Amino acid sequence: MIKYIIPLLLVVCAGCTQYVDVGDVEFSVQVVFQQNVPVFATTYTITLLNTSINKVVKNYTATVAIVTEDKHTLKQLTVAADKLLPKQVQQITITQNESEEAIKPLFNELEIDINEVIKQQEAALVLPEGMVKVEKAHYETVDIVAYLQEVGQ
Amino acid sequence: MKFDDSKIYFYFSIAVLVAGFLFGLPGIYSKMVTEPAIEKLLAQNTDSQKLKQAYIMLRNPHIFAGYDRYDEAGAGIEYILKEFDNRVAQQKEFTSNDAMYLELLLLRRQQGSDLSIKTMIYFILLSLLGVTALAIEKHVNKK
């Protein structure tokens, strides 16, 4: 009988241990194209969100790739954040000047008429989730209580 | 043919009693040690450092009142945590006005302790039920 009770107790104990949420980061990318003849000034605003409530994400670096439907990479952006507190949102802005030739594939993928952007002088949009792929993310997580004890002293 | 269920009742009683104590211990510890310490710090609500210490203690959640699980009543907790985490990280001061929000976090912890102790009582009652069944079984077997 005892051999059945011990595993049963272990299951009960495992069930009541606190669920530990691993620090995780969610992304969204907004892009603004500004016609700045003969190049396009493209501003990428990358929003990072630490989805964990118990962990601080530290020394975060990642490569954000903008990809086509068939996963061909159109653009790569490197983002870095010193620290992200739980549920904290941080925005990183990257501005690049790009030639019409270089920006064309992205416009094609987004089904934006390049002539329309030239006419309107500006176009802003949030990239669809499927077009944003996070590669090579490196970060460490620290328990929030340990972190607050360290900085609070 | 008569089956002797005494062993089943005996092990059942022991198992639920042990489980009951496992569930109850975090609540009892919190009620006897952690919560009085936090209340003492909150009583000195003009001292920013004491309030900060109270917050750091409250930031370590009760096992029965984790911050990653919210019901409707606790939905605002997330915003309190975000604000105060930022404040500690940026080494800003806590004021006596913040004590009210810290008391909300303490209330959540106290509710977790209550849940823990009530769960323990429930399991102890189950254990007593097992003991009663064991006594009846033994009595019937003697006859």
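**Sheet in chain A**

I began with strand β3 (residues 55-67) of chain A, which pairs with strand β4 (residues 73-84) of chain A in the antiparallel sense over 10 bridges. Pairing here needs at least two DSSP bridges between the strands; helices (H or I, at least four residues) and strands (E, at least two) are DSSP runs, numbered from the N terminus.

Before going on, I noted that this is a predicted model, where local features need pLDDT of at least 70 and side-chain atom pairs count only at pLDDT 80 or more, while totals for chains, interfaces and linings use all residues. Residues are numbered from 1 along each chain as its sequence is written, and chains are lettered from A and ligands numbered from 1 in the order in which they are written.

Next I traced the whole sheet: it is open, with 3 strands in the order β4-β3-β7 (chain A) and antiparallel pairing. β4 and β7 (132-143) of chain A are at the edges with a single partner strand each, so one side of each lacks a neighbour in the sheet.

**Helix α3 of chain B**

I compared lengths for helix α3 (residues 77-89) of chain B. At 1.5 Å a residue (times one less than the number of residues), its 13 residues should span 18 Å, and the end C-alpha atoms are 18 Å apart, which agrees.

Which residues of α3(B) are buried? I found Leu81(B), Phe84(B), Asp85(B) and Val88(B). Buried means 20 or more other C-beta atoms within 10 Å of a residue's own, exposed 12 or fewer, partly exposed in between, with C-beta atoms placed from the backbone. Down the axis of α3(B), the buried residues fall within an arc of 110° (taken over directions from the helix axis to the C-beta atoms), so they line one face. The face turned away carries the exposed Tyr79(B), Glu83(B) and Asn86(B).

**Cores**

I then looked up the largest nonpolar core, which has 42 residues; Leu42(B) and Tyr55(B) are among those with the most contacts inside it. Such a core is a set of buried Ala, Val, Leu, Ile, Met, Phe, Trp, Tyr and Cys residues joined through C-beta atoms within 7 Å. β3(A) gives the most to this core, with 6 residues. Apart from it lies another core, of 8 residues, including Phe12(B) and Met120(B).
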